Amino acid sequence: MLITVLLLIVLYLVRQHSLATRCFHCLLAVLFGLSIHTWLTFLLASGLIIFSVADWHERTVPFFSFTGWCLTLLVCFPHDLFGMMLLAVMIGGLAVVSQGLGSADVMLIALLACVLRLEAALIVTLIACGTACLHWIAARPPSLPMISHLAAGYACFALVNGGPQFTIQVQHPDD
């Protein structure tokens with residue numbers, strides 16, 4: 001059911017794009033559909049798909065909707081603020097030095113570090129770098145849609161690990 005919903009979202013968003021774009025995002029929707037277990041992971045996956053399509057097509061994402069989605073995830077997911085800040089500083093410094101990552105890419109990597117564990121976000125980023133390298137070798141585009149590759153990295157990671165590894169701690173009134 002969720003695969004169908006995600007595929008419908010993708011087909012609507014990429015209806016006027018190239019065949020390669022449609023195939024990549026349909027595959028991404030299937031991978032996400034196989035790894036979604038809760039409504040929170042559905043929220044994460046659907047946002048990644050929507051902003052992946054925007055980044056692939058225009059190499060930019062809408063600021064207010066992307067920031068709103070990030071804040072919604074931070075409110076809904078249990079999170080690790082220290083991991084997010086640490087990774088944001090490291091990746092932000094790398095982005096400034098290399099001039100290769102955009103602010104949305106850095107925000108998304110930091111968000112993944114906050115929502116997932118820090119180690120998981122680093123693995124997702126490593127997978128994203130690998131898919132970006134393959135994309136560059138195959139097509140040699142002038143710029144790469146890093147959000148799309150981060151989405152692919154997260155989809156692969158979530159599929160292998162059975163979804164994001166987070167725990168919700170509930171306090172009992174007796175405590």
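Reply: Residues are numbered from 1 along each chain as its sequence is written, and side-chain values use heavy atoms, with hydrogens and water left out.

Me: What makes residues 164-170 a stretch to treat with care?

Reply: pLDDT is the predictor's confidence in each residue, from 0 to 100. The chain averages 81, and 89% of the residues score at least 70, but over residues 164-170 the value stays under 50. Where pLDDT is low, the predicted coordinates should not be read in detail.

Me: Which residues touch the most other members of the largest nonpolar core?

Reply: Phe32, Phe66, Trp69, Leu108 and Tyr154, out of 50 residues. Such a core is a set of buried (under 20% relative accessible area, 1.4 Å probe, protein chains only) Ala, Val, Leu, Ile, Met, Phe, Trp, Tyr and Cys residues joined through side-chain atoms within 4.5 Å. H8 (146-161) is one of the helices that supply at least two residues of this core, and H8 gives the most, with nine.

Me: Why are H1 and H3 called roughly parallel?

Reply: Their angle is about 20°, with the axes 10 Å apart. Angles under 35 degrees count as roughly parallel, and therefore H1 and H3 are described that way. Contact (heavy atoms within 4.5 Å) involves residues including Leu6 and Ile9 of H1 and Ile49 and Ile50 of H3.

Note on methods
Predicted model: local features only at pLDDT ≥ 70, side-chain atom pairs only at ≥ 80, totals over all residues. Helix = DSSP H or I, 4+ residues; strand = E, 2+ residues; numbered from the N terminus. Axes fitted to C-alpha atoms, helices over the stretch in contact; angles between N-to-C directions. Parallel < 35°, antiparallel > 145°, perpendicular 65-115°, else oblique.
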